[in-house]
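Here is a short report on a two-chain model. It takes the interface, the core and the charged pairs in turn.

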Amino acid sequence: MSLRAGLAGLLCLGVTLALGWAVLERPQPAENLPERVAGAMPDSGVEHAVTAVLLNFRSYDTLLEIAVLLLAVVVALALREAQPDRPEPMGLENPLLRAVMAWLLPLILVVAGFLLWAGSYQPGGAFQAGSVLAAAGVLLRLAGVTTAWLDNAALMRTGLALGLLTFLGIGVVVMAPGVPFLAYPPEYAGTLILVIELTLTLSIGLTLISLFRLTPPYADDPDDARSDREARP
Amino acid sequence: MIGLWSVPLLFALPLALGILTLLATPAWRPRLSLAGLPLLLAASAAAFLDLALSGPGIYRLGDWPAPLGINLNVDGLSAGMVVMTAVVAALCAAYARSYLRDYPASASFFWPLFWFLWAGMNGIWLAEDIFNLYVGLEVMGLAAVGMVALRATPQALAAAMRYLLAALLGSLAYLLGVALLYGAYGTLSMAGLQHVAADNPTTQVALALIILGLLLKTALFPLHAWLPPAHGGALTPVSALLSALVVKGSFYILLRLWLVLGPEVTPAFTAQLLGVLGAGAVFYGGWMAWRQHLLKQLVAYSTVAQIGYLFLFFPLVTGTGAEAARLAWDGTMMMLVAHALAKAALFLSAGNLILAVGSSQIGHLVGISRFRPLSLFSFGLAGVSLMGLPPSGGFTGKWLLLHSAILSGQWWWLIVLFLGGLLSAAYIFKVFRMSFREGPQIDRSVPPPLTMDVAAMILAASAIVIGLTAHLPLHWLRAGALLGGG
């Protein structure tokens, strides 16, 4: 074991040194991409360069990344459904957490909304706003607040897929005048990006909440894991 | 330019079908999927027609020019891969529809994952941007891991976890390389990199990371350990998709990047080293396949071996003459396509045989030739191509590689081609010897649904036919290629 650890350590050291060498010796880029981004900003529909790159110039990458997120939930759903059903823990026995949640929840929602809106002119956007929303969902879960709509499978799945579906739909619809996929007309670009970001926020939030909720209960308990294995066919 | 509108459909349609099948009830998932197959087949055919009529082209997503936005690349190689994927995936889907009836409800998640997998693969074939390739790799890889886990047995989950860790390590190494290249050259477009990339430490470290990551994802010997449990243990249509198509995804990226950067910046021995690892894969994979007792494990180790042949490409195109390089390109393309068809056929017919005898042990196939000749015949036809016997695609591919090796004076690869063929014959005939042995006189075998036999048969027959008509696919695959023959 110590030999393996030593080899792994040597390998890590080697990779680190090689990376350091590569970074120190790197040539000056001939291509000035930030300049190009700045040049295209007036047509992007937003004022913040990062949002313009993520949702306009390289929106195809973002589209596929959203597909990766949805894919993660699909795999989690499939694995959860293959597990035997058992009662789920209904949160922590902590009245204080509930009381704090009543104060925090409106604030969290306002922050998420602000982050989403801020994305068009300063750092922020769908990913950040979605993560904040997800934090609210996780806290609600821990406080044991029952949320019927989160347990409605059809509604939940629609919400999960809404972001990707909207993104994809807009990408296809803008092709009507004979332009490529995802080429927004400049005069509507701002609105379209806002619509996409809005649905993405919701879907990203729900994705992260689902990944938290779909964890099989008691999986950390070794005794329980053993009985679980025996119960399976 | 009739096909240009069809290019975005190649990933938008499967993504849409993935969402639809996720939202549908389990009973509707296969129905929706079967309805979607013709649409995607038509889109793939349209993309190919566009290439045939108007030649290679570039599709600018969002109408932004390349270093700012993302381009898609429609040339012979990418269109060929799109068509190959369409044929294999459609037949696997038809097979899966019958096959999955015997599996629990959670297996109906096969369908959303199947569509996402297809979207990811088409994304990789068309990509012209090295970061976009990373995102495509993630879509394809995560869908593939999910499909391995679908069986939900402890073994399947362990295999999926191992696969996930290998795939993640591979993509992270790739991503590190991409970050270094972007930092050094300020562009992610392959065409742009080809112009500006120079021989310096940054490019070398970046390319080394990229190659290592992709080798791990392609399961090249000795980085193959994750493949047999994942491919051999999955549901049969999943095994077929993974072995026939998914391992080609990372190999394809390696091949593209090699042609863009490889020969200029890598030390001369790199290409030979890749070839030697390929030879190791051919021998070790063939030997291990022969030693297996479980039918699908044998087929999975055969994939480890067959991947090795693809890596003979690197020593045969690097620093050799134009004619040798062209032959190596043609041979590798032929091996790639023929292996996709033959391996899918081999897994599907192995699944039929396992279903028929109710056991995955090779020893339990005794006497099956009398009762299930069709399933066995598909297995045999696919085996002919893997062994490289004429007139199959596998034979044509090896023949071209052999010529290339002679022309470039690298006779040692002939030994690999020859002994590899013998080893393949050994493990294929191991299955045949068992099935032709006299067994029980009464037919106790369960007939698999006709669709499943037919799907395997079509794939196996295609692997043979493509060898007879090799000049046509090879002509198209060469269109717009970065080397030789043009």
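The model is predicted: local features need pLDDT of at least 70, side-chain atom pairs count only at pLDDT 80 or more, and totals for chains, interfaces and linings use all residues. Residues are numbered from 1 along each chain as its sequence is written, chains are lettered from A and ligands numbered from 1 in the order written, and side-chain values use heavy atoms, with hydrogens and water left out.

**Chain A in the record**

UniProt, in an unreviewed entry, places the feature "domain: MrpA C-terminal/MbhE" at residues 14-83 of chain A. Such positions follow the numbering used here, feature names are shortened, and annotations may be inferred rather than shown by experiment. In the model, residues 14-83 of chain A are 74% helix and 0% strand, with the end C-alpha atoms 42 Å apart. Helices (H or I, at least four residues) and strands (E, at least two) are DSSP runs, numbered from the N terminus.

The unreviewed entry also places "transmembrane region" at spans of chain A that include 100-120 and 189-212. Residues 100-120 of chain A are 90% helix and 0% strand, and their end C-alpha atoms are 32 Å apart. Residues 189-212 of chain A are 100% helix and 0% strand, with 34 Å between the end C-alpha atoms.

**The interface**

Contact means heavy atoms within 4.5 Å. By that rule, 51 residues of chain A touch 55 residues of chain B. Chains A and B bury about 4,800 Å² between them, 78% of it on carbon and sulfur atoms. Buried area is the accessible area (1.4 Å probe) that two parts lose on being put together, summed over both. On the chain A side, A:Arg58, A:Tyr60 and A:Leu71 lose the most area to chain B, together 14% of what that side buries.

The count of salt bridges between chain A and chain B is one. A:Arg58 takes part in a salt bridge with B:Asp129. Helices H1, H2, H3, H4 and H8 of chain A each give two or more residues to the side that touches chain B. The largest share, 17 residues, comes from H4(A).

**The nonpolar core**

A nonpolar core is a set of buried Ala, Val, Leu, Ile, Met, Phe, Trp, Tyr and Cys residues joined through side-chain atoms within 4.5 Å. Buried means under 20% relative accessible area, exposed over 50%, partly exposed in between (1.4 Å probe, protein chains only). The largest core has 235 residues, and those with the most contacts inside it include A:Phe181, B:Phe110 and B:Tyr174. Helix H15 (residues 322-357) of chain B gives the largest share of this core, 21 residues. Among the residues that B:Tyr174 touches are B:Ile130, B:Leu214 and B:Leu257.

**Salt bridges**

A salt bridge is a side-chain nitrogen of Lys or Arg within 4 Å of a carboxyl oxygen of Asp or Glu. Four are tabulated.

| Pair | Closest N to O |
|---|---|
| B:Arg60 and B:Asp63 | 3.5 Å |
| B:Asp75 and B:Arg256 | 2.9 Å |
| B:Arg478 and B:Asp330 | 2.8 Å |

B:Arg478 lies in helix H21 and B:Asp330 in helix H15 of chain B, so the pair ties together parts 148 residues apart in sequence. B:Arg478 and B:Asp330 are buried. B:Glu323, B:Arg326, B:Asp330 and B:Arg478 are linked in a network of salt bridges. B:Asp75 is buried at 5% relative accessible area, and B:Arg256 is buried at 6%. B:Arg60 is partly exposed, at 36% relative accessibility.

Methods: Lists of a residue's contacts leave out its neighbours within four places in sequence.
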